[in-house]
Amino acid sequence: MEENIEKIVQIGNVRGLHARPAAELGKIASGFNARITLEKPGQPAGAADCRSIMGLLMLAAPKNSELLLKAEGPDAVRAVEQIIRYFASNFDEE
């Protein structure tokens with residue numbers, strides 16, 4: 001069954017969305033059968049595929065940024081749950 005989910009996530013760690021958490025998000029996203037994106041609401045650059053480290057870095061998301069997490073596909077629910085946990089952990093940095 002196809003699922004479409006949208007949730008707002010907030011970056012809580014001091015360094016924002018930098019290379020290490022972007023790489024980890026890519027690993028997480030690659031483990032699911034779902035298209036998973038993050039975007040800054042109102043930013044014209046559009047959505048970044050969570051499997052693309054460069055795309056995630058291009059979001060230029062510092063601490064306290066709110067991002068729109070979107071997932072669609074058979075594993076969308078599980079993917080969103082795991083990504084939300086990763087954001088809630090402050091990317092395991094603090």
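This is a predicted model: local features need pLDDT of at least 70, side-chain atom pairs count only at pLDDT 80 or more; totals for chains, interfaces and linings use all residues.

User: What makes up the secondary structure of the chain, and in what order do the elements run?

Analyst: The chain contains three helices and four strands, and read from the N terminus the order is β-α-β-β-α-β-α.

User: Why is the chain called as compact as a globular protein of its length?

Analyst: The radius of gyration is 12 Å, and the globule rule gives 12 Å for 94 residues, so the chain is as compact as a globular protein of that length. Along the principal axes, the C-alpha trace spans about 40 × 30 × 20 Å, and buried residues account for 40% of the 94 residues. Of the contacts between residues at least 6 apart in sequence, 73% join residues at least 24 apart.

User: Which residues touch the most other members of the largest nonpolar core, and which element gives the most to this core?

Analyst: This core has 27 residues, and those that touch the most other members are Leu17, Leu25, Ile36, Leu38, Leu56, Leu67 and Phe87. Two or more residues come from each of β1 (3–10), α1 (19–30), β2, β4 (66–73) and α3 (76–88), with α3 giving the most, namely six residues. Leu38 shows how such a residue is surrounded: leaving out residues up to four places away in sequence, Leu38 touches, among others, Val9, Leu25, Leu56, Leu67 and Phe87. As a general background, nonpolar side chains tend to be buried together in soluble globular proteins.

User: How do you know whether Thr37 is buried or exposed?

Analyst: Buried means under 20% relative accessible area, and Thr37 has 6% relative accessibility, so Thr37 counts as buried. Thr37 is placed in strand β2 (residues 35–39), and beyond its neighbours within four places in sequence, its contacts are Ala47, Ala48, Asp49, Cys50, Leu68, Leu69 and Lys70.

User: What label does Ile28 receive, and on what value does it rest?

Analyst: Ile28, in helix α1, has 8% relative accessibility and therefore counts as buried. Apart from neighbours within four places in sequence, Ile28 is in contact with Gln82, Ile83 and Tyr86. Ile28 and Val9 are 19 residues apart in sequence, and their C-alpha atoms are 16 Å apart in space.

User: Why is Asp75 put in its accessibility class, and which residues does it contact?

Analyst: Asp75 has 16% relative accessibility, and because this value falls under the 20% limit, Asp75 counts as buried. Asp75 is found in the loop between β4 and α3, where its contacts, leaving aside neighbours within four places in sequence, are Phe32, Asn33 and Ala34.

User: Why is Asn64 called partly exposed?

Analyst: Exposed would require over 50% and buried under 20%, whereas Asn64 has a relative accessible area of 49%, so it is partly exposed. Asn64 lies in the loop between α2 (53–57) and β4.

How values were computed:
Residues are numbered from 1 along each chain as its sequence is written. Side-chain values use heavy atoms; hydrogens and water are left out. The radius of gyration is taken over C-alpha atoms; the globule rule is 2.2 Å times the number of residues to the power 0.38. Buried means under 20% relative accessible area, exposed over 50%, partly exposed in between (1.4 Å probe, protein chains only). Contact means heavy atoms within 4.5 Å. A nonpolar core is a set of buried Ala, Val, Leu, Ile, Met, Phe, Trp, Tyr and Cys residues joined through side-chain atoms within 4.5 Å.
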